[in-house]
Amino acid sequence: MMEVYPITIEGQTFTAITVKLPYTNLLVISNEIGYVMCGALDVELLNEKLSDRPIVAGRAVGVKTIAELQEAELESVTHHARQYGWQQGMKVREALVKIGQEK
């Protein structure tokens, strides 16, 4: 099953996506600039194999719901996400607000 719905963080709208898979959930919060995902995101692949693409993305681990993802800390971020001030250890909510202001 898949759920897609809008969420608001500090007055800015994002799209939340939950894909229920066997034994796990795939979680994403995104806007037109970038996204944050659960541990399924391979940041190393994005930085190395797809480095020619300006992908703004971050990964948070140990989360099971969109609510938990919003409150988690970024475990890793892409090189392009650093241009928006994203860094390891930053709260996901704070990172999303940074790209929400750029629209």
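1. Setting aside neighbours within four places in sequence, L96 is in contact (heavy atoms within 4.5 Å) with I9, Q12, F14, I29, V36 and W86. The structure is a predicted model, in which local features need pLDDT of at least 70 and side-chain atom pairs count only at pLDDT 80 or more, while totals for chains, interfaces and linings use all residues. Residues are numbered from 1 along each chain as its sequence is written, and side-chain values use heavy atoms, with hydrogens and water left out.

2. L96 is also among the residues with the most contacts inside the largest nonpolar core, together with L69, L74 and W86; this core has 24 residues. A nonpolar core is here a set of buried Ala, Val, Leu, Ile, Met, Phe, Trp, Tyr and Cys residues joined through side-chain atoms within 4.5 Å. Two or more residues each come from β1 (2–9), β2 (12–21), β3 (24–30), α2 (66–71) and α4 (92–100). Helices (H or I, at least four residues) and strands (E, at least two) are DSSP runs, numbered from the N terminus. With five residues, α4 gives the most to this core. Another core lies apart from it and has eight residues, among them V28, L41, V43 and L50.

3. The buried residues of α4 are V92, A95, L96, V97, I99 and G100. Buried means under 20% relative accessible area, exposed over 50%, and partly exposed in between (1.4 Å probe, protein chains only). The cover over these residues of α4 includes β1, β2, β3, β4 (34–37), β5 (56–59) and α2.

4. R93 also belongs to helix α4. Its relative accessibility is 27%, so R93 counts as partly exposed. Beyond its neighbours within four places in sequence, R93 is in contact with I9, Q70 and E71. The C-alpha atoms of R93 and Q70 are separated by 5.2 Å, although these residues are 23 residues apart along the chain.

5. Q12 is located in strand β2 and is buried, with a relative accessible area of 13%. Apart from neighbours within four places in sequence, Q12 is in contact with I7, L96, V97, G100 and Q101. The side chain of Q12 reaches the backbone nitrogen of Q101 at 3.3 Å.

6. β1 and β2 run antiparallel and are joined by eight bridges; strands pair if DSSP finds at least two bridges between them. Y5 stands opposite A16 in β2. The two strands form a hairpin with two residues between them, and E10 in the turn has a positive phi of about 50 degrees.

Conventions. Polar contact = N/O pair within 3.5 Å; in protein donor to acceptor, adjacent residues only side chain to side chain.
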